[in-house]
Amino acid sequence: MSTLIIAVLSFIGFIVAYNTYGKWLARKIFGLDPEAKVPSQELKDGVDYVPTKKEIIFGHHFTSIAGTGPIVGPAIAVFWGWLPALLWVVLGSVFIGAVHDFGALVVSLRNRGQSVGEVAGRMIGPRAKFLFLIVLFIGLTIVLAIFGLVIALIFSIYPESVLSVWIEIPLAVAIGIWIYRRGGNILIPSIIALGIMYIAIVVGAYVLPIDLNKWFGIKLFSSSFMNVVVIWTLVLFVYCFIASVLPVWTLLQPRDFINSHQLVLALALLVLGLAVAGFTGKADLFSSAPAIAKDIPPDAPPIWPFLFITIACGAVSGFHCMVSSGTSSKQVASEEDAQYVGYGAMLLEGGLAVVVIIACCAGIGMGIFTRTPDLASAGGYRFQPVLMEGSSEAVAKHEAWRDRYATTSTQNNEDGTTSVVGGWESHTLGKKVGAFVEGGGNFLAALGIPLKMGIAIMAVLVASFAATTLDTATRLQRYVIDELAQTVNFKPLMNRYTATAFALILAAAVALFQGPRGPGSGGLTLWPLFGATNQLLAGLAFMVIVFYLIRRNKPIWFAFLPMVVMLLMPAWAMLHQMFNPETGWLFEGKYLLFVFGLVVEGLQFWMIAEGVIAWRNARGNYPELPPLETIPAD
């Protein structure tokens, strides 16, 4: 019962925050005006600038900012205990993350849909624009390089998810054509598409799991470029090129709208399953995992500041400012929709992160499962409960969580031997995505849904969001490259096709080179940079929001304090990663990471210096936009 109470109180907190703090920001601070000109109307082009109903743009915005961020981050962070993670998710979402997303959206709306980086050039200074765009470029390159790996891991571990994820694409295209060419309604077709996706989940789980290892003997990782990660990464990047140069109404909007239904349904099932499991005592957050963990491996980073860096999208994320100012601001049809899209979507993401925390603790505590070959069962696999030793049910629940979050484990090598791996490195990414998928599957099983089907639903949810983030990130990177090209007057990259191709070729070069687990795992090399760089972007975006407000003689305290937090925490984390005597990149010989860290920190301090210089004359001095006809065409 206590587990359910914690979830309900968290959700109530988000609802109250939207209707109090969110409304105060919308009315008293930003003064949203339904009659104001918005970029989607003023610059309407049918490709990027497309006026869109708020329900549709909410679906796009939410699924783009969510991705696997609010899943992977909280799933890793409960390593320090569920209570710090839960508090940061709830408070961070309300007072920092939602303010960041909402503010970035409004600032972009009032600057013709320009990215936050472009706006920084006018609010702070021309050099600030260039510095911000470089940080954006680095962050998006890492996102593109790593998300192919995340999706490949999901497709390999949960092959029943593959069919449903890919069948969504032609369904979305058909819906896009139906709406924008024939004037049809989106709600009913999108619900039908969701039903077809769920049928595909059943087919994938019980009839046709698409398993490249089983079909062709292709391994997840190997020393050859013929491995699962490389294949899926290449396929995904080809898809991303096509998706990101098409008009947003063709694929982006309808797919994200379908995914928003998928999330609402999955969240409803998870909450219902949590309620049943909580009432019956099967799920117990307090027995399953420590509120504040004490058994931390010596190589793990300290909870301060790494809790705030690790959770990322579950509470606040710099990537969100790119979505708010990169795609969403070009589609919002009225200023008054900005609170619903910007502030509301972040609170829903916080709600998802709360469910992830509970699933990775109380859900995993209900029992862990291993996949074993069984040719007699449908699909070639079955889920078998692992017997847990212990003198009581509470001990058994905690042992289940410890098994999933163990600090050491064994690893099967290609030569048939086994080796012990452990510590912080063994704790991250794929293993923790599995914690949410299987913990969530346990909640669905409490409703009577077969465990295999429940886990398939969760796997499709994660893979769909990851794919949505991947193609949105590609489009955002195209915008960033275009803005950088305009800054240095390099015309070949001002074209959307060449800019997109350049973005994906660079990301592929990073993703496919020899990483710690062979070809295709190159993104893992730069992955340690992502957390601090991503959160640094949030701090820099807050800088732009603060300058926008102060130049308009508006109060800034509600954005200034989060700005300080989000500039301090990433810098602290990055410096710890670089110079810690025991695990620092400099002392471990990880010179590539160290050099990248120096560059990112240098850019941060340089931009802060630009802000200090501009601060003196900022109050009330708002630079107006140039006449529309002088703005270079895309």
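A contact here means heavy atoms within 4.5 Å. This is a predicted model, in which local features need pLDDT of at least 70, side-chain atom pairs count only at pLDDT 80 or more, and totals for chains, interfaces and linings use all residues. Residues are numbered from 1 along each chain as its sequence is written, and side-chain values use heavy atoms, with hydrogens and water left out.

Setting aside neighbours within four places in sequence, Phe132 contacts Val116, Gly117, Cys321, Leu537, Leu540, Ala541, Val544 and Met607. Together with Tyr343 and Phe436, Phe132 touches the most other members of the largest nonpolar core, which has 218 residues. Such a core is a set of buried Ala, Val, Leu, Ile, Met, Phe, Trp, Tyr and Cys residues joined through side-chain atoms within 4.5 Å. Buried means under 20% relative accessible area (1.4 Å probe, protein chains only), and 62% of the 634 residues in the protein are buried.

The protein has 24 helices and six strands, taken as DSSP runs (helices H or I, at least four residues; strands E, at least two) numbered from the N terminus. Of the contacts with a separation of 6 or more, 82% join residues 24 or more positions apart.

| Residue | Helix | Relative accessible area |
|---|---|---|
| Gln604 | H24 (residues 591–615) | 1% |
| Thr472 | H19 (residues 451–488) | 1% |

Beyond four places in sequence, Gln604 touches Leu536, Leu567 and Ala571. With the same exclusion, Thr472 touches His60, Ser64, Leu252, Val323 and Thr327. The side chains of Thr472 and Ser64 are also joined by a polar contact of 3.0 Å, that is, a pair of N or O atoms within 3.5 Å, where within protein one must be able to donate a hydrogen and the other to accept it, and residues adjacent in sequence count only if both atoms are side-chain atoms.

Technical notes
Buried means under 20% relative accessible area, exposed over 50%, partly exposed in between (1.4 Å probe, protein chains only).
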